[in-house]
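I opened this entry to look up how the parts touch. My notes follow the display.

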There are 2 protein chains.
Amino acid sequence: MRGSLTVIGLGPGNAHQVTPEALSAIEAGEDFFGYGPYVDRLNLRDGQRRQASDNREEISRAQAALMLAAKGGKVCVVSGGDSGVFAMAAAVCEAIEAGPAEWREIEFAVVPGITAMLAVAARVGAPLGHDFCAISLSDNLKPWELIEKRLIAAAEAGFVMAFYNPVSKARPHQLSRAFDVLRAHLPGSVPVVFGRAAGRPDERMRIVPLSEAHSDMADMATCIIVGSIETRLIERPGKAPLVYSPRSAGKI
Amino acid sequence: MRGSLTVIGLGPGNAHQVTPEALSAIEAGEDFFGYGPYVDRLNLRDGQRRQASDNREEISRAQAALMLAAKGGKVCVVSGGDSGVFAMAAAVCEAIEAGPAEWREIEFAVVPGITAMLAVAARVGAPLGHDFCAISLSDNLKPWELIEKRLIAAAEAGFVMAFYNPVSKARPHQLSRAFDVLRAHLPGSVPVVFGRAAGRPDERMRIVPLSEAHSDMADMATCIIVGSIETRLIERPGKAPLVYSPRSAGKI
């Protein structure tokens, strides 16, 4: 008997941004794997089981979830934001590819969620209104030189950028280095949004020009959006400015 | 008296992918502006007014919505997907910037939604599991040369790509040209996902290698995901293959 494994995106952390599809998938699940703080968001009923684990154990978590599903379990793996964006869906796919053949027979599904950059963008205006990219700044799984290459390519081609995993205790210097790289390729006036905990009670949005952007302005819960040369501010009396990227662009 | 203008993302078209936040914002609105098929998705009650308009009238629609909000109306502008990704939030910001000073005093908010690429990615595995970009292939508002520049930059830097607005009756040849450009910079084996109407009854997912990708496989309702050189397929007995981009990458 084959079970099921559903990877579920819980959104940025506000219950009003969790989709009904995600709630239905949770309702149907029996065992819930995920990083502790995400599993803690679930309102599980009696008989539904928590299998929380540490942040850096994605593959072993995916394997444990697949083993249980292969035995017939109705297993859910939960992520914050969207489970397909720098989250558990890819880790589960990696584990399926490297694992026993029977894991390919498990009913596998992914439920999308509101990913952090969309939630942050919505709070400040429309900075992702033009072509954009999403880059994880963590070099745990790719060389830093590749990250720098992507930063430069994105800046020179006029993409707005969203940074995920901008800093951690083990990686305090990379965001600082990323801003230095970008300052060599973009005007200092380009707006940078530090969006922390979008939609949660401890939300904090901060907008600074690239020339003043500093790694101290971010923590692990921050998604950073760096504008393109076209990204603009609209000043408003008594309100935070709007940040947006016009739909149109000229030659660059 | 100043009113409010809320731009709301309705998700890809499945009612189970509309957030409670979006439903609350609709509940509180009086006048609803948007492209006809999106306004048609709303279950409005007596007294809530539809202001549907054609697909290509974003700025005049934004201006009409802002004028009504400036008179005190509780105005909503609705988009499919996420309203901040190639949708109405940027158009409203453009109109605010160019419009009368009083438009800057309107209570302006954006409610995020599940954007097409997230819904499509979820249906096929985790193709957006590594660094990626989103590009509108429409050259209505930017020169085609800039689009080609971005395609090449993204391919060479190893970004997965999601294409929005891939074709229209007025632009039948651009997607074909985009695939030709990419074939000169990526292996023909790179997986391409044509995701049509994700989550709707007429959903259709198709996965082909780049060497076989053809513009006839897309229409206006299709979001296309082009893998990077790292993007892989997992074959499964009796099931569609999974497409995913590993979290890790080597030098490129």
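I count a salt bridge when a side-chain nitrogen of Lys or Arg lies within 4 Å of a carboxyl oxygen of Asp or Glu. The model is predicted, so I note that local features need pLDDT of at least 70, side-chain atom pairs count only at pLDDT 80 or more, and totals for chains, interfaces and linings use all residues. Residues are numbered from 1 along each chain as its sequence is written, chains are lettered from A and ligands numbered from 1 in the order in which they are written, and side-chain values use heavy atoms, with hydrogens and water left out.

**Within chain A.** I looked up the domains, whose bounds come from an automatic or database domain assignment. Domain 1 of chain A covers 4-114 and domain 2 covers 117-244. Contact (heavy atoms within 4.5 Å) involves ten residues of domain 1 of chain A and 13 residues of domain 2 of chain A.

**Between the chains.** Next I turned to chain B and chain A. Each gives 75 residues to the contact. The buried area (accessible area, 1.4 Å probe, that two parts lose on being put together, summed over both) is about 6,400 Å² for chain B and chain A. Carbon and sulfur atoms give 60% of that area. How many salt bridges does the rule find across the interface of chain B and chain A? I noted twelve. R150(B) forms a salt bridge with D131(A), with the closest N and O atoms 2.7 Å apart.
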